[in-house]
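Here are my notes on this one, point by point. Have the structure open while you read.

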Amino acid sequence: MKKSNSILTLALVAGISFSLIACANKKSTDHENGNGVHDHSAMNHKAEDEMSDGSVVETSENKSISQLIDQYLVIKNALVQDDARTAASAGQKLAETSSSIDLNTFEASKQSEIKEILEVVKEHGEHIAKSEIAHQREHFEGMAKDFMDLLAITGTDRTLYQQYCPMYDKGKGGSWLSDSQEIKNPLFGSKMLTCGSVKETISMK
Amino acid sequence: MKKWLKLSLWIVLIVLVGIQFVPVQRNEIEPVTNADFIEHYESPIVIGNIIRASCYDCHSNQTKYPWYSNVQPIGFLLQNHISEGNSELNLSEFGLLSNRMKRTKLKSILSQIDNDKMPMPSYLFLHSEAKLDSLKKTLLVSYFDSILVDIDR
């Protein structure tokens, strides 16, 4: 009698602790789920229609954008060297930086578009942080245009070159930004290091 | 030795029965809204049916749960998968995204389908109806492409 009682108690304790673990798991996934909701605001104009004017930008803004550019370039250089680990950690930093930029330092009329760009950059950064190199390159290529749109609005702190290789993605082509005119292809890395040409130079006025 | 075996079998049994009573939050909450991808773009019926069959179990708020989702711990594992899929892409709320985010998501959708990464093989194992044969794949890719072009305009 005593023995069967202790077996029952043991089983109950095991059952309850299992349930508690399951509940804790559920909570954490619920929390993650909440991040999937984005608020939206209308986007009436395209960024490329506005020419940037670096002189309008305040220093504080410039600093946050500088960090973003720095991290973008770290990812680029890592991909040039087929270094997925460095790219991943820079992707994580890129995601963190893009959500920490204070939108209030920008002109009110530009805030909604900058916010949308930063959300997308964050998304790309998160994927670069957790993917294998081919997928990292896909997301890196995906954010080139968003970065250029951002620079057109906020201005830049350095001269950047938009470079383009027509062979990427089965001949669909792909772009990236570099701080040097010399072509070192991050979309192919060592497989085709010199594919590409400079399409546009983004410099300060 | 025999005693211990008997004891552990009892424990396993009771734990398995016990966890059947743990509530799992299900992902079939709200009615379809205007933000739903298929509603938002007024997708043709054929396309809508493919998207519903192949994507909606994990990428919308309208999961169709199989009977074994009521059996734990399978149900917990399924719910984890679904929550993960939903946080990457929730087609029930697609209409709420900014145009820029829509473009980004569509490009990822296209690349995943084009490279046969989605629907996931582990999902197809038990959901043959979700499989994209080459015709369905071509239809979906050109459809998502056309939406992407429209957003770019």
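1. Start at the place where the two chains meet through helices: the axes of α4(A) and helix α6 (residues 99–114) of chain B come within 8 Å and cross at roughly 25°. Axes here are lines fitted to C-alpha atoms, for helices over the stretch in contact, with angles from 0 to 180 degrees between N-to-C directions. Helices are DSSP runs (H or I, at least four residues; strands are E, at least two), numbered from the N terminus. α4(A) and α6(B) are therefore roughly parallel (under 35 degrees; over 145 is roughly antiparallel, 65 to 115 roughly perpendicular, the rest oblique). α4(A) passes α6(B) in a right-handed crossing, that is, the near helix is turned clockwise from the far one by less than a right angle, anticlockwise being left-handed.

2. Which residues of α4(A) and α6(B) meet? On the α4(A) side they are A:Glu116, A:Ile117, A:Glu119, A:Val120 and A:Glu123, and on the α6(B) side B:Arg100, B:Met101 and B:Thr104. Contact means C-beta atoms, placed from the backbone, within 7 Å. The residues of this contact divide into three nonpolar, one polar and four charged. Nonpolar covers Ala, Val, Leu, Ile, Met, Phe, Trp, Tyr, Cys and Pro, charged covers Asp, Glu, Lys and Arg, and the others, Gly among them, are polar.

3. A word on provenance: this is a predicted model, where local features need pLDDT of at least 70 and side-chain atom pairs count only at pLDDT 80 or more, while totals for chains, interfaces and linings use all residues. Residues are numbered from 1 along each chain as its sequence is written, and chains are lettered from A and ligands numbered from 1 in the order in which they are written.

4. Now stay with α4 (residues 108–130) of chain A and look at α3 (residues 84–100) of chain A: their axes come within 7 Å and cross at roughly 155°. The two helices are therefore roughly antiparallel, and their crossing is left-handed. From α3(A) the contact uses A:Ala87, A:Ala88, A:Gly91, A:Gln92, A:Leu94, A:Ala95, A:Ser98 and A:Ser99. From α4(A) it uses A:Leu118, A:Val121, A:Lys122, A:Gly125, A:Glu126, A:Ile128 and A:Ala129. By class, the residues of the α3(A) and α4(A) contact are eight nonpolar, five polar and two charged.

5. Chain B as a whole has eight helices and zero strands. Its radius of gyration, taken over C-alpha atoms, is 20 Å, whereas a compact globule of 153 residues would be near 15 Å (the rule is 2.2 Å times the number of residues to the power 0.38). The C-alpha trace of chain B spans about 75 × 30 × 25 Å along its principal axes. Buried residues make up 28% of chain B; buried means 20 or more other C-beta atoms within 10 Å of a residue's own, exposed 12 or fewer, and partly exposed in between, with C-beta atoms placed from the backbone.

6. The peptide bond from B:Met118 to B:Pro119 is cis, with omega near -5°, and B:Pro119 sits in the loop between α6 and α7 (121–124) of chain B. A:Lys170, in helix α7 (residues 168–171) of chain A, has a positive phi near 50°. B:Glu42 also has a positive phi, near 45°, and lies in the loop between α2 (37–40) and α3 (45–54) of chain B.

7. Are A:Lys170 and B:Glu42 buried or exposed? A:Lys170 counts as exposed, with 7 C-beta neighbours inside 10 Å, and B:Glu42 is exposed with 7 other C-beta atoms within 10 Å.

Methods: Two residues are in contact if their C-beta atoms, placed from the backbone, lie within 7 Å.
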